[in-house]
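Please look over the structure below with its sequence at hand. The report that follows takes up a few selected sites.

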Amino acid sequence: MAGFFDQAVVNQVQQANDIVDVISEHVNLVKKGREMVGLCPFHDDHRPSMNVNAVKQIFKCFACGAGGDVFKFVQMRENLSFSQAIERLAERVGIKLKRAEATKSQAGGQSADVDPNKLAKVNEWAAKYFQENLVNKQEGKSVLDYIAERQITRESVKKWQLGLAVSGDDLIRAAKAKGIPMKLLEQTGLVVGQMGSDLGDKFVNRLMFPITDVTGRVIGFGGRALEKGSAKYINSPTTALFDKSNTLYGLEQARHKIVSSGTAVVVEGYTDVIMAHSKGCDNVVATLGTSFTSGHGRILRRYAKKVVLIFDSDTAGMEAANRALEICLAQHIDIALASVPEGKDPCDFLLAAGKEQFEQLIDQAVDVFQFKWNRLTESFSRDETLAGRKSAIEEFLQTIATSLWSGNLAAIDRGLIVNRLSKIIGLDSKEINAELRKRIGRAAKTASYNVENQKVRSIDLGDGLFAIAQREILEVLLNEPKLFEIVKQKITAEDFDVPMLKQTASILFETLITDPETRLAEILARAESPEAGSLIVELAQSGEAKGNFESRLTGALDAIRRHQAQVRKSEIKATEDQTQFLRCFLENTGKQNPRNVGMT
Ligand SMILES: [Zn+2]
């Protein structure tokens, strides 16, 4: 079932969207044997658990069980319904779909009346509108002057789709003229106020920075104030599309360079990213004026081997860097820290010093241990109180323990660190080691607690030989569909009795009857629930690993035949037993009541 779309259209969309390409937009995939592997975006993955099979056009995470075809991936990744995922992927490759009329039953994503695809379209329109304002509106001229002053080139303005939001309800009026429903505009977070009463534009008199996701969709906006007196930067609120703690500015443009260089450079501001890219430092992204979150860590981990965080060298900046570092350590991310000299922001530094010096800054970024060591020695020279020193040591030890546990710090360095520490705090290295061991134990416990708390999918696949045989048949057919010729003469999907396997068998048999050469991806497209899709992938893969299709099929069909014979036999036996019982009963009753002739 393809929902509102014809199966042929679904197949066309599927074939045009190679699963490796689509998943690569979200995850860095590397070749491993015949498959591609990467960190699974659906659970807190620390080793690459997600396998993508280019031949079969499927993905499967061996840790959390997520799996399916390209539609399933997009569905799960972007929280879309099946139909929305089809629309999304059709759009990605420029296939025009005929609009289905009623959209009610089509929704069914996270919320029945919010369609992320539609929000993205409205955002797209708004971004264009803001861009045109720069050229068409009178106010645009002085803003272009301001942009030029900041030495942002015309190419950059175009590349980053910079725009201008003007007075109070300019965007609302334009949207009305364009026939965009207010409800939709509201859902994008581009307006403020109550529906039905006074609505106003969210962004007023601001230089606009459209924020895209890795696939290039506009998911939100950042706006820089053009006059004094209002907050310097504001972002779109959280919407069905946008969540700033899980978004990095420039990731779409930076991800290829991040993957090829292995390093992601994280700054704070939009203009820092724009300037870096215009100078040829293409692996730079920004948090959206927020501090570094674990969401940012999870995203970067999928692309980068190493993260270099550029921070302000003031106290607040140091604290923010320290928090970012803790987040990265907890996520096994190799992080290094650098700060721009003389309190400049990266944008100004790039302008003044140029690309080479900026790259040098990144190369010279200090690792966790050095950063923490500097913090420790600084606080020792600054703070003479026992309490102050104690908390500095606590913090240091905790980091070292976490780093050792997570493998961010080689065990060989441990001795070195302990020795240095022993000197500075005047404590015996044995005691320091004991303290470290305690903390490593604690770090491990917290981590395993987190893993246990993850939702683990479990489908009851039954047990016993009969259930195994059902599984085997599906495993074989998913790999060798031509064997269906044999299967269909002996059994139907109705012969399956494990619910999930029966459901899979119905999808599979139905598809194979109409198209004996169907591809796995097409079968997956018919399984609408993620569980069903996941199970199909699992069966296909374990089937492939086992091989020996014909002999396994013969064995399984045999087992099913025996089981059915057994069932029939016990049914006959039950009937016989019943007849026997009845006969005995009647005979006995008859004996006791010889006058009841009608019963015999
Ligand atoms: Zn997973």
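Asp-272 touches Val-267, Asp-345, Pro-346, Cys-347 and Leu-350, leaving out residues up to four places away in sequence, where contact means heavy atoms within 4.5 Å. This is a predicted model, in which local features need pLDDT of at least 70 and side-chain atom pairs count only at pLDDT 80 or more, while totals for chains, interfaces and linings use all residues. Residues are numbered from 1 along each chain as its sequence is written, and side-chain values use heavy atoms, with hydrogens and water left out.

Asp-272 belongs to helix α11 (residues 270-278), a helix being a DSSP run of H or I with at least four residues and a strand a run of E with at least two. Asp-272 is buried and has no salt bridge, the nearest side chain of opposite charge being Arg-150 at 6.6 Å; buried means under 20% relative accessible area, with a 1.4 Å probe and protein chains only, and a salt bridge needs a side-chain nitrogen of Lys or Arg within 4 Å of a carboxyl oxygen of Asp or Glu. The side chain of Asp-272 does reach the backbone nitrogen of Cys-347, at 3.0 Å.

Notes
Buried < 20%, exposed > 50% of the residue type's maximum accessible area, 1.4 Å probe, protein only. Lys, Arg positive; Asp, Glu negative; His and termini not counted. Polar contact = N/O pair within 3.5 Å; in protein donor to acceptor, adjacent residues only side chain to side chain.
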